[in-house]
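Colleague: I am new to reading protein models. Please show me the sequence and structure, and then let me ask about what I see.

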Amino acid sequence: MNKLIQLVSMMMIAIVAQFVVAEKIFALNKTSARAEINNKKSYMAKFREEYQLLFVYTSRCPYCHKFSKILDSFAKDKKLHVAALTDDGGKIEPFTQAVHDRNRITELGVDGFPVLFIEHKKTHKNRPCDKTT
């Protein structure tokens, strides 16, 4: 009987130890998750500070009208600034402050609409959002 009590006691100690270890792992994971979230938040803050989205469109394009609503919603959700260039001078809601600049659109190499770029606010260096390299 004493051996049975010892065996049960050892099993209970092992189970308690597993719970203690699991609790510590959970606490570490929780801390790691918080750190990860904070890193992502600081990355997004730095991105917002240095970059903007550049939306290039023509008002005759039905896809541009549709995409503008999606882009506006996304930008508001992520608190991103969107600058807009229009090929034909026409306005699309909510980007009514778009700049009409065909020369810049040509320099960007735009050959179809809509196009979205990530652009550095100060240097105006940019990259199309659909490029992965």
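Colleague: Let's start with the cysteines: how many disulfides does the structure hold?

Modeller: To count, you look for a pair of cysteine sulfur atoms within 2.5 Å, which is the definition of a disulfide. In this structure the number of disulfides is 0.

Colleague: What kind of model is this, and which atoms do the side-chain values use?

Modeller: This is a predicted model: local features need pLDDT of at least 70, side-chain atom pairs count only at pLDDT 80 or more, and totals for chains, interfaces and linings use all residues.

Colleague: Is Cys 129 buried, exposed or partly exposed?

Modeller: A residue is buried under 20% relative accessible area, exposed over 50% and partly exposed in between, using a 1.4 Å probe and protein chains only. Cys 64 has a relative accessible area of 0%, so Cys 64 is buried. Cys 129 has 35% relative accessibility, so Cys 129 counts as partly exposed.

Colleague: In what order do the elements run from the N terminus?

Modeller: Helices (H or I, at least four residues) and strands (E, at least two) are DSSP runs, numbered from the N terminus. The chain has 3 helices and 5 strands. From the N terminus on, the elements run α-β-α-β-β-α-β-β.

Colleague: Which residue of E2 is the bridge partner of Leu 53?

Modeller: Strand E1 (residues 51-57) and E2 run parallel, joined by 5 bridges. The bridge partner of Leu 53 in E2 is Val 82.

Colleague: And through which helix does the chain cross from E1 to E2?

Modeller: This β-α-β crossover is right-handed: with the strands pointing away from the viewer, the path from the first strand over the helix to the second runs clockwise. The helix that the chain crosses through, residues 62-78, is H2.

Colleague: Why is strand E2 largely enclosed by the rest of the structure?

Modeller: Val 82, Ala 84 and Thr 86 point one way from E2, and Ala 83 and Leu 85 point the other way. Both sets are buried. E2 (residues 82-86) is largely enclosed because its buried residues are 5 of 5.

Colleague: Which residue in the turn between E4 and E5 has a positive phi?

Modeller: E4 and E5 pair in the antiparallel sense over 3 bridges, with Ile 118 opposite Arg 127. They form a hairpin with 5 residues between them. The turn residue with a positive phi, about 65°, is His 124.

Colleague: Which residues does Ser 68 contact, leaving aside neighbours within four places in sequence?

Modeller: Ser 68 is found in helix H2, and it counts as buried because its relative accessibility is 0%. Contact means heavy atoms within 4.5 Å. Its partners are Phe 55, Ile 92, Glu 93, Pro 94 and Phe 95.

Technical notes: Residues numbered from 1 in each chain as written. Heavy atoms only, no water. Pairing = 2+ DSSP bridges.
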